[in-house]
Amino acid sequence: MKKTKILAAAACAALLAFGLFGCGGGDAKTDSKTDAKADAPKTQTENLRFVTGGESGTYYAYGNVLGQFATNGDYGVNVSALAGNGSQANIQALEDGDADIAFCQSDVLAYAYDGTNLFEGAPYKDFSIVADLYQEQVQIVTCDPSIKTVADLAGKTVSVGAAGSGVYFNALDVLGVYDLTLDDINPVYQSFADSADSLKDNKIDAAFIVAGAPTTAITDLSTTKTAYLVSMDDAHVDELMAISPYYSKAVIPADTYGLEGPTTTVSVGAVVIANNSVSEDAIYNFTKSLFEGAESNADAHAKYKELVIEDAAGITSVPYHPGAAKYFEEQEITVGK
């Protein structure tokens with residue numbers, strides 16, 4: 001009897017060591033619960049590389065806010081905001097597999113999808129829309145009060161952005177509806193900051209700057225010289241939108257730069273796009289974080305206040321990612337309308 005008890009105890013100890021079961025009714029129940037909890041599937045966190053813009057620009061600052069909110073929230077994504085070199089380079093990063101999501105102007109993403117302008121003859125279609133976040137206005141700035149319309153740029157020295165940039169094609173579009181070409185002006189190819197410096201030094205007469213207003217380059221210029229924005233008339237705005245539907249009519253309020261009156265122009269969207277290889281769940285969760293961040297994190301960046309869900313779902317030139325479309329449909333909004 002004594003030998004039997006010793007053998008039974010030894011067997012129980014051996015079984016406990018291998019974690020098969022506990023000796024005693026109460027312990028067996030507790031261990032069963034523990035094992036079930038340990039075996040439960042864990043939520044998978046997906047890493048997303050978010051290429052934005054230059055470190056001094058809105059894309060980079062806003063992208064970091066969006067990435068941190070998504071990462072720190074319970075969204076199942078870890079979003080790393082990375083510096084980028086603008087819309088064309090960001091699309092190239094997606095194509096090369098160096099990014100998962102990216103900021104891009106609505107006109108440039110249309111160029112890529114259709115294989116025109118910056119992407120002439122080399123269309124890239126392996127990407128889709130996440131959301132249109134805010135508008136970037138085409139701002140024509142001058143320190144010459146005699147330049148009141150786009151037509152007045154004829155014969156003037158005008159910065160049209162870096163050669164081959166998105167701004168360059170915006171300038172061509174705006175000039176074109178006024179029957180002007182680069183041959184009708186003296187074009188120079190400068191960044192926003194260099195354009196502002198050239199205006200300060202009277203080296204150019206006007207500059208095209210495409211960015212969300214207020215734009216630092218124009219604000220800084222206004223501290224040293226009297227700056228003006230050139231308005232477009234409604235007829236030419238309508239003509240441009242008919243030709244290129246990625247433009248929208250925009251009005252810059254007078255108090256944006258302390259001007260005498262509002263400025264009518266056109267704008268393009270600042271859009272988040274995704275490589276089509278990114279999972280539906282990851283983009284759904286990231287899209288959800290955008291709008292929940294706008295509600296609970298609004299003070300983190302001023303551009304949150306410009307996020308309108310109907311506008312975010314309104315891009316028509318490129319399809320929406322299935323994850324984004326799923327989120328919008330849950331909000332009873334059909335994408336691409």
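Predicted model: local features only at pLDDT ≥ 70, side-chain atom pairs only at ≥ 80, totals over all residues.
Trainee: Hi! What is the volume of the largest pocket?

Mentor: The largest pocket has a volume of about 1,100 Å³. A pocket here is an open set of points on a 1 Å grid over the protein atoms alone, with protein on both sides within 12 Å along at least five of seven lines.

Trainee: Which residues lie nearest its centre?

Mentor: Gly57, Glu136, Phe192, Val210 and Ala211 do, out of 41 lining residues. Lining residues have an atom within 4 Å of a point.

Trainee: And how does the lining divide into nonpolar, polar and charged?

Mentor: There are 15 nonpolar, 21 polar and five charged residues. Gly counts as polar in this scheme.

Trainee: New topic: is Tyr134 buried or exposed?

Mentor: Tyr134 is buried, at a relative accessible area of 3%. Buried means under 20%, and exposed over 50%, with a 1.4 Å probe and protein chains only.

Trainee: What does Tyr134 touch?

Mentor: Leaving out residues up to four places away in sequence, its partners include Thr58, Tyr59, Lys303 and Glu306. Contact means heavy atoms within 4.5 Å.

Trainee: Okay, which residues of helix α12 are buried?

Mentor: In α12, residues 322-330, they are Gly323, Ala324, Ala325, Tyr327 and Phe328. Among what covers them are β4 (127-142) and α10 (280-296). Helices are DSSP runs of H or I with at least four residues, and strands are E runs of at least two.

Trainee: Anything on numbering and confidence?

Mentor: Residues count from 1 along each chain, and side-chain values use heavy atoms, without hydrogens or water. Local features need pLDDT of at least 70 and side-chain atom pairs 80 or more, while totals for chains, interfaces and linings use all residues.

Technical notes: 1 Å grid on protein atoms, 1.4 Å probe; cavity = no way out; pocket = protein on both sides within 12 Å on 5 of 7 lines; lining within 4 Å. Points joined across faces, edges and corners; volume = space filled by probe spheres on them.
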